[in-house]
Amino acid sequence: MTPPPPPTPVWWAKPSWVLPVIGTIVVLVALLTPQPSEGRLGDQRLSISLSGPSNARVLAELSKRMGWTVVNDTTPDIVAGSGKSIHAVLAPPIPTTASEAHTYLDAVRGGDALLLVLNARDALSDSLGVAHSPGGRMPPSVADTSGCERTVDFAPPRWSDGRMNLYSLRWLRGKPADAIQFGTLVLDRNDSLPHAATPSLPAETAAGFSFGKGRVLVVSDPDLLRNDVIRRCQWAADVVNVRMLEWLRAGGSVPRTTIVFDEYHQGFGRRAGLSDVVFPFLFEHPVGRAVMAVVLAGLILLWALGPRPIVPPEDERIERRDPLEQVDALSHAYEQVRATRTIVARLVRGVRWRVQRAWPSLRASTDADFLGDAARRYPALAGDVAVIRRALDAPVNEKDLREIGAALHRVEDTLTKTIS
């Protein structure tokens with residue numbers, strides 16, 4: 001018999017057709033799927049520890065080349081004022097607390113300087129009375145860009161129109177009388193920016209003023225200090241930054257030659273862990289000490305109730321049978337050895353106990369006296385008493401035990417009714 005021919009596969013199941021179709025679909029999905037516009041990618045922290053486009057490493061390197069001593073401060077404690085330091089707090093993502101703001105301002109009063117770049121409102125910006133405001137564009141001066149060479153830069157600029165568009169500074173409690181302006185903004189009514197300002201708003205993105213023996217300089221927009229802004233010569237942001245640092249250097253009894261960058265509030269350095277919070281609470285706070293006392297008391301209780309290394313001896317217990325179980329066992333034992341006299345004696349003793357509870361005078365008598373006295377008192381019981389006495393004196397058959405039981409029942413019934 002000739003075997004049937006193998007089945008011919010359909011065309012759409014062949015790999016030579018399926019794989020190209022799947023590959024084409026994947027490419028089309030990748031090309032046609034819309035992607036959301038997320039703006040600039042990467043870390044946006046204004047930190048000198050990072051070298052991305054939005055960070056501030058270029059500012060630290062520029063400061064070193066200009067002669068300043070740069071300190072990367074990653075400790076939670078604020079560096080004490082010495083009259084020779086510039087504290088740079090660059091738009092920290094972790095807000096400064098009220099106590100930290102107090103420490104900074106005390107250092108400035110003593111002769112240090114403070115470079116503050118605004119981010120969200122915190123205790124330090126509120127203490128100085130400054131905040132953001134809608135801004136405009138900051139055109140560079142011709143003198144600052146005269147030495148710039150024309151180069152081809154394929155990196156896209158931070159702003160799509162190719163101009164520096166920055167926030168302006170807003171004074172919450174009035175502008176200081178000795179304030180010096182850095183970075184003049186041009187406020188255009190027809191500015192296409194969504195945050196375009198009106199001519200009635202202040203036209204400055206940075207300003208410095210005296211504070212005690214020291215100086216404070218506030219920058220409203222972090223973009224002025226970012227790496228990809230400073231590196232473009234045609235914007236002259238590097239010149240503005242150096243002028244701000246030079247102004248902070250001067251004005252004191254000695255030049256301020258050290259710039260301390262606060263990197264702790266940028267997220268670097270050792271952070272407070274669980275043990276740094278729990279242990280001071282348990283040992284220093286009254287509520288914590290009370291909780292600790294309760295825990296120790298519970299541990300002592302567990303230790304007292306817990307197992308011992310030496311097992312204590314168990315109490316000796318004697319197992320006793322249930323009374324009904326004992327009666328049943330005794331009856332089976334008597335039956336096996338044919339102890340009819342013992343059975344009859346036990347039954348007579350039970351009758352005596354039940355009868356003599358109401359007949360105390362007979363408790364001291366023997367079984368023979370008890371039966372004899374019952375026969376004398378009630379002659380009708382003489383036959384039953386004779387049967388019971390024979391069973392006490394000699395063994396009887398098992399069949400006779402029923403007759404003896406009936407005789408004992410009659411004796412008990414007669415004596416109980418008579419006595420009651």
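Q: How do β2 and β9 pair, and over how many bridges?
A: This is a predicted model, to be clear. In it, β2 (residues 85-90) and β9 (residues 258-262) run in the parallel sense, paired over four bridges.

Q: What does Ser 85 stand opposite?
A: Thr 258, in β9.

Q: What order do the strands take in the sheet?
A: β1-β9-β2-β3-β8-β7-β6. That is an open sheet of seven strands, and the pairing is mixed.

Q: Which strands stand at the edges?
A: β1 (69-73) and β6 (180-184). Each has a single partner strand, so one side of each has no neighbour in the sheet.

Q: And how are neighbouring strands turned against each other?
A: By 15° on average, with direction ignored.

Q: Next, helices. Which strands does α3 lie across?
A: Helix α3 (residues 98-109) lies across β2, β3 (113-117), β7 (204-211), β8 (214-219) and β9. Its angle to β3 is about 140°.

Q: Switching to the surface. Which residues make the nonpolar patch?
A: Phe 281, Val 287, Val 291, Val 295, Leu 296, Leu 299 and Leu 302. The patch covers about 610 Å².

Q: Which helix gives the most to it?
A: Helix α8 (residues 286-305), with six residues. Leu 299 lies in that helix.

Q: Why does Leu 299 count as partly exposed?
A: Because its relative accessibility is 49%. Exposed means over 50% and buried means under 20%, so Leu 299 falls in between.

Key: Residues are numbered from 1 along each chain as its sequence is written. This is a predicted model: local features need pLDDT of at least 70, side-chain atom pairs count only at pLDDT 80 or more; totals for chains, interfaces and linings use all residues. Side-chain values use heavy atoms; hydrogens and water are left out. Two strands pair if DSSP finds at least two bridges between them. Helices (H or I, at least four residues) and strands (E, at least two) are DSSP runs, numbered from the N terminus. Axes are lines fitted to C-alpha atoms, for helices over the stretch in contact, and angles run from 0 to 180 degrees between N-to-C directions. Contact means heavy atoms within 4.5 Å. Patches are made of residues with over 30% relative accessible area and no salt bridge: like charges are joined within 9 Å, nonpolar side chains (Val, Leu, Ile, Met, Phe, Trp, Tyr) within 5 Å. Accessible areas come from the Shrake-Rupley method with a 1.4 Å probe; for residues, only the protein chains shown count as cover. A salt bridge is a side-chain nitrogen of Lys or Arg within 4 Å of a carboxyl oxygen of Asp or Glu. Buried means under 20% relative accessible area, exposed over 50%, partly exposed in between (1.4 Å probe, protein chains only).
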